[in-house]
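Let's take a walk through this one together. Keep the picture open and follow along as we go.

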Amino acid sequence: MPTPKIWKIALLPGDGVGPEVIAATKSVLQVIGDFYDHDFQFSEHLIGGAGIDAVENPLPQETIDACLASNGVLLGAVGGPKWDGQKLRPEQGLLGLRKAMGLYANLRPLQVSPVMAHRSPLKKEIVEGVDLIVFRELTGGVYFGDKGRNDDGSAYDVCSYSIEEIERVSRAAFKIAIQRRGKVTSVDKANVMETSRLWREVVTRIHAEEFPQVELKHALVDSMAMHLIQRPRDYDVILTENMFGDILSDEISVLGGSIGLLPSASLGSGGPGLFEPIHGSAPDIAGQDLANPVGTILSAAMLLRHGLGLEDEAASIEAAVAAVLAAGATTADLGGELGTRAAGEAIIDAIRAIH
Ligand code: ATP
Ligand code: MG
């Protein structure tokens, strides 16, 4: 027997429901490690409010070091009313970590199963079968530009993008498109914004030079917001800049009916990625074994796929989740009766049944 490959996975439970969903997900990963003979080495670190409470630091240096030395980071959630109005803010921990890890692309997949389609605010016929992924650029654009107030009381935010910033996120999106249905829709506002005209030029060039086999379309963000509601099934990979991605990601997150189900990944240049559910710390249900762990479990599948290159292992988690949801074994947010722990165990049982 070859010795199993060692993978270091840094767990950051954080605040609110974070520790509960991370615990359930760790159990799933342990079972996957056993089945596929991987040596997953887990370590847990402080972030957010948990860091403030324990060591008066939302992002201890020890956490940064451990994350950078890992093969992938899995985060629960940070924040909550407990730290409102305090000088140290839990969110500083997450923002600082994203910066320290050099994360430049945020990925949010959405697959709408028949069960989810029933809960969607849109008609079942429109959303059932949706299978798309949003690639949002994370380091540039108007959020990071110079901002301020003028003497006359007016205010400004500068939007700027470098060619390199657009190139690297485009390459990442085209690469993923090749593994999917081979279609990229690049979203901008090139009819009015200069950064968008540059965006369109660079995406078009990277496509022609490096990924001609992918089908590339361009869309304006306003019509895209409309089309995502009218015909979301048409899209495969959606590539866009920081602010447009922020807005479209939230729009897309409601199509699937429950915030508790959706995963995300943020990728860095060469270093490890950061994987987390899209939901927040959900203080209203924290500590009660009520949170849906699926968003975090699917984030772990993304960690295996995009962070460690373990496609079969990721697919086996996703198949187990699909089977469990189809069988109606869900938490209260989806109308089921399972607690967080039991929902995780149902997924583990499904993984065992598949193997
Ligand atoms: P943040 O600002 O950190 O994004 P938020 O206040 O926007 O947080 P969440 O913490 O995600 O939002 O909570 C929004 C609602 O969704 C809450 O009612 C919460 O209970 C519910 N919710 C969030 N995550 C889950 C989950 N995993 N399972 C079930 N319900 C959830
Ligand atoms: Mg929020």
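Start with helix H12 (residues 311-326) and helix H13 (residues 340-354), which pack at an angle of about 115° with their axes 8 Å apart. Helices here are DSSP runs of H or I with at least four residues, numbered from the N terminus; axes are lines fitted to C-alpha atoms over the stretch in contact, and angles run from 0 to 180 degrees between N-to-C directions. From H12, Ala-319, Ala-320 and Ala-323 are among the residues that meet H13, whose side includes Ala-346 and Ala-350; contact means C-beta atoms, placed from the backbone, within 7 Å. By class, this contact has 11 nonpolar residues, 1 polar and no charged. Ala, Val, Leu, Ile, Met, Phe, Trp, Tyr, Cys and Pro count as nonpolar, Asp, Glu, Lys and Arg as charged, and the others, Gly among them, as polar.

A word on the source: this is a predicted model, where local features need pLDDT of at least 70, side-chain atom pairs count only at pLDDT 80 or more, and totals for chains, interfaces and linings use all residues. Residues are numbered from 1 along each chain as its sequence is written, while chains are lettered from A and ligands numbered from 1 in the order in which they are written. The protein's mean pLDDT (the predictor's confidence in each residue, from 0 to 100) is 96.

Now find helices H7 and H8, packed at about 50° with axes 9 Å apart. Trp-199 in H8 is one of the residues in that contact, which has 8 nonpolar, 2 polar and 3 charged residues.

Finally, 14 residues surround ligand 1, with Gly-260 and His-279 among the closest; their C-beta atoms, placed from the backbone, lie within 6 Å of it.

Conventions:
Helix = DSSP H or I, 4+ residues; strand = E, 2+ residues; numbered from the N terminus. Contact = placed C-beta atoms within 7 Å.
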